[in-house]
Amino acid sequence: MARQEQERRKYNVTPRAVASIPKYREAGPSGVPDYSALPDWALLKTTEVAFLTGMAPSTLLRRVEAGDFPAPSRNGKDRTWPLKVVKIWAESKAAEGGAE
């Protein structure tokens, strides 16, 4: 019985409102975090930027390599973007007539 308990505790299986959003972000009534409440210097991980831009994480990284999206900073092993950089990119795409 103790072994089963350890196996069950080994993985975090707690469901999330939105699968790609880390648990530490405060979710609003719709279950999605309110990114407008964050300061512009807040660092977003790849999954969060992909969620905000509507791209898959792999597409996001391909666009970074192609130069179509701002390069991330490295925070240890994580790739992070300041929220302000993502907002500026989104506004420039909106001014161009939308994302591709």
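**Close-up views of a predicted chain**

**View 1. Strands β2 and β3 are joined by three antiparallel bridges.** Two strands count as paired if DSSP finds at least two bridges between them. Within this pairing, Ser 73 lies opposite Thr 80 of β3. The model is a predicted one, in which local features need pLDDT of at least 70 and side-chain atom pairs count only at pLDDT 80 or more, while totals for chains, interfaces and linings use all residues. Residues are numbered from 1 along each chain as its sequence is written, and side-chain values use heavy atoms, with hydrogens and water left out.

**View 2. An open sheet is built from three strands in the order β1-β3-β2, with antiparallel pairing.** β1 and β2 are the edge strands, each pairing on one side only. On average, neighbouring strands of the sheet are turned by 50° against each other, direction ignored. Helix α4 packs on the sheet and touches β1 and β3, and its direction makes about 65° with that of β3. Such angles run from 0 to 180 degrees between N-to-C directions, the axes being lines fitted to C-alpha atoms, for helices over the stretch in contact. Contact here means heavy atoms within 4.5 Å.

**View 3. The chain contains four helices and three strands.** Their order from the N terminus is α-β-α-α-β-β-α. Helices (H or I, at least four residues) and strands (E, at least two) are DSSP runs, numbered from the N terminus. Just after α2, Gly 54 adopts a positive phi of about 80°.

**View 4. Phe 69 and Trp 81 form an edge-to-face pair, because their ring centres are 5.9 Å apart and their planes stand at 75°.** Rings of Phe, Tyr and Trp (its six-membered ring) pair if their centres lie within 6.5 Å; planes under 30 degrees apart count as stacked, over 60 as edge-to-face and the rest as tilted. The pair links distant parts of the chain, with Phe 69 in the loop between α3 (57–66) and β2 (73–75) and Trp 81 in strand β3 (residues 78–82), 12 residues apart. Both Phe 69 and Trp 81 are buried. Buried means under 20% relative accessible area, exposed over 50%, and partly exposed in between (1.4 Å probe, protein chains only). The structure holds two aromatic pairs, and Phe 69, Trp 81 and Trp 89 make up one aromatic cluster.

**View 5. Trp 89 lies in helix α4.** Trp 89 has a relative accessible area of 9% and is therefore buried. Apart from neighbours within four places in sequence, the residues in contact with Trp 89 include Thr 53, Met 55 and Phe 69. The C-alpha atoms of Trp 89 and Thr 53 are separated by 9.3 Å, although these residues are 36 residues apart along the chain.

**View 6. Twelve residues make up the largest nonpolar core, among them Tyr 35, Leu 44, Phe 69, Trp 81 and Trp 89.** A nonpolar core is a set of buried Ala, Val, Leu, Ile, Met, Phe, Trp, Tyr and Cys residues joined through side-chain atoms within 4.5 Å. Helices α2 (46–53), α3 and α4 (83–96) each give two or more residues to this core, and the largest share, three residues, comes from α4. In soluble globular proteins, nonpolar side chains tend to be buried together.

**View 7. In α2, the buried residues are Thr 46, Glu 48, Val 49, Ala 50 and Thr 53.** Their cover includes β1 (43–45), α3, β3 and α4.
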